[in-house]
Amino acid sequence: MTANPYLQPGKYVDSDHPAVRKFALEHAKGATDRERAVSLYYAVRDGVRYNPFLDFSQEEAYRASSTLERGEGFCVGKSALLAACARAAGIPARVGFADVKNHLTTPRLRERMGTDVFIYHGYAELFLEGKWVKATPVFNAELCRRFRVKPLEFDGREDSIFHPFDADERRHMEYVNDRGTFADVPAEQIRRDFQAYYPGQYVRGADAEKETFG
């Protein structure tokens, strides 16, 4: 019988890492998979700070356990972490990617990236109650309050994806391209595409780590 790839540890969705397993055990609360998935979602969303100023050339930026140990990460690392925690709790999970246009990106981030289109926006998909459900544990609640962005909620039944408008009804996120789902983070492909699409940000390397978002 073939093992379910969405329950097996990966290089980046490293659900067998001791720190990930410990975090999942501590935060997967509830009697059902759905309840445990919801509690894990909020633990990752608010317990790990969002920071897009990372060294994208380094593998650690894409790995679940590294994101957890740092206590911060960008969308790919945080989504890999949620997927890894779900697998550690026995819930099939995978990672998905889409290109999004952020109509409210900060001037500083737009300057760094050279665009308001963010390729390979990461999210997790969890298999709950017989179907795949999208979960986007990216912007922590504190960050949302600061920028007046609606925090993404998750009930384990409906997709949790970016809102098209913010709390003041300004246009916010627009999905412009679907890149599909994967059992593990395709980090090598993402790094190559990031280098081509964001040359100014990518070549800054470790200097990006000196900044924080907010």
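A definition to begin with: two strands are taken to pair if DSSP finds at least two bridges between them. With that in hand, look at Gly96, which stands opposite Thr181 in S6. What you have on screen is a predicted model.

How many bridges join S3 to S6? Eight do, and the two strands run antiparallel.

Now the sheet that these strands belong to. It is open, with four strands in the order S5-S4-S3-S6, and the pairing is antiparallel. Strand S5, residues 131-135, and strand S6, residues 173-182, are at the edges; each has a single partner strand, so one side of each has no neighbour in the sheet. On average, neighbouring strands here are turned by 35° against each other, direction ignored.

Is Asp99 buried or exposed? Its relative accessible area is 6%, and the cut-off for buried is under 20%, so Asp99 counts as buried. The side chain of Asp99 makes a polar contact of 2.6 Å with the side chain of Arg179. Setting aside neighbours within four places in sequence, Asp99 is in contact with Phe118, Ile119, Tyr120, Glu174, Tyr175, Val176, Asn177 and Arg179.

Next, the chain as a whole. There are eight helices and six strands, and along the sequence they follow the pattern α-α-β-α-β-α-β-α-β-β-α-β-α-α. The chain has 214 residues, and 51% of them count as buried. Taking contacts between residues at least 6 apart in sequence, 69% join residues at least 24 apart. The accessible surface of the chain is about 9,700 Å², and carbon and sulfur atoms account for 51% of that.

Last, confidence. The chain has a mean pLDDT of 87, with 81% of its residues at 70 or more. Where does pLDDT stay under 50? That stretch is residues 203-214, for which the model has 35 contacts beyond four places in sequence.

How values were computed:
Residues numbered from 1 in each chain as written. Predicted model: local features only at pLDDT ≥ 70, side-chain atom pairs only at ≥ 80, totals over all residues. Heavy atoms only, no water. Buried < 20%, exposed > 50% of the residue type's maximum accessible area, 1.4 Å probe, protein only. Polar contact = N/O pair within 3.5 Å; in protein donor to acceptor, adjacent residues only side chain to side chain. Contact = heavy atoms within 4.5 Å. Axes fitted to C-alpha atoms, helices over the stretch in contact; angles between N-to-C directions. Areas by Shrake-Rupley, 256 points an atom, 1.4 Å probe, with all protein chains shown as cover. pLDDT = per-residue confidence, 0-100.
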